[in-house]
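Welcome! Have a look at the structure first, then try each task before reading on.

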Amino acid sequence: MRYYDVKCPHCGTMNKHLYLEETNGWMICQNCGKDYKAADFAKVTKIPVYTGEQLARMGAKY
């Protein structure tokens with residue numbers, strides 16, 4: 001598990017020790033109560049990029 005410290009864009013309070021992975025980056029500020037998606041939290045999915053030669057070696061049929 002990885003925890004994050006995120007500053008609220010509305011009131012400026014630092015919200016500490018948040019587990020944003022289970023909410024996909026969404027949080028509720030502990031001070032003002034507004035909810036928002038943390039801008040610095042992004043779950044990255046890598047997409048492979050193949051050349052034509054690599055596809056030919058893999059036997060891709062299109």
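**Exercise 1. Find which residues of strand β1 are on its covered face and which are on its uncovered face.**

Step 1: Go to residues 4-7, which form strand β1; strands here are DSSP runs of E with at least two residues, and helices are runs of H or I with at least four, both numbered from the N terminus.
Step 2: Sort the side chains. Tyr4 and Val6 belong to the covered face, while Asp5 and Lys7 belong to the uncovered one.

Before you continue, two notes on the model. It is a predicted one, in which local features need pLDDT of at least 70 and side-chain atom pairs count only at pLDDT 80 or more, while totals for chains, interfaces and linings use all residues. Residues are numbered from 1 along each chain as its sequence is written, and side-chain values use heavy atoms, with hydrogens and water left out.

**Exercise 2. Work out how β1 and strand β2 are joined.**

Step 1: Locate β2 at residues 14-18.
Step 2: Look at the pairing, which requires that DSSP finds at least two bridges between two strands. β1 and β2 run antiparallel and are joined by three bridges.
Step 3: Pick out one partner: Lys7 is bridged to Met14 in β2.
Step 4: Inspect the turn. Six residues lie between the two strands of this hairpin, and Gly12 takes a positive phi near 85 degrees.

**Exercise 3. Identify the residues of the largest nonpolar core.**

Step 1: Recall the rule: such a core is a set of buried Ala, Val, Leu, Ile, Met, Phe, Trp, Tyr and Cys residues joined through side-chain atoms within 4.5 Å.
Step 2: Collect the members. The largest core has ten residues: Tyr4, Val6, Cys8, Leu18, Leu20, Met27, Cys29, Tyr36, Ala38 and Phe41.

**Exercise 4. Find the one aromatic pair and explain what the pair ties together.**

Step 1: Apply the rule: rings of Phe, Tyr and Trp (its six-membered ring) pair if their centres lie within 6.5 Å; planes under 30 degrees apart count as stacked, over 60 as edge-to-face and the rest as tilted.
Step 2: The structure holds one such pair. Its partners are Tyr3 and Tyr19, 5.9 Å centre to centre with 55 degrees between the planes, a tilted arrangement.
Step 3: Tyr3 lies in the segment before β1 and Tyr19 in the loop between β2 and β3 (26-28), so the pair ties together parts that are 16 residues apart in sequence.
Step 4: Check the accessibility. Tyr3 counts as partly exposed at 37%, and Tyr19 counts as partly exposed at 25%.

**Exercise 5. Find the salt bridge and say where its partners lie.**

Step 1: Look for a side-chain nitrogen of Lys or Arg within 4 Å of a carboxyl oxygen of Asp or Glu.
Step 2: The count is one: Glu53 with Arg57, whose closest N and O atoms are 3.5 Å apart.
Step 3: Both residues are in helix α1 (residues 52-58); because they are four residues apart, about one helical turn separates them.
Step 4: Glu53 and Arg57 are both exposed.

Methods
Buried means under 20% relative accessible area, exposed over 50%, partly exposed in between (1.4 Å probe, protein chains only).
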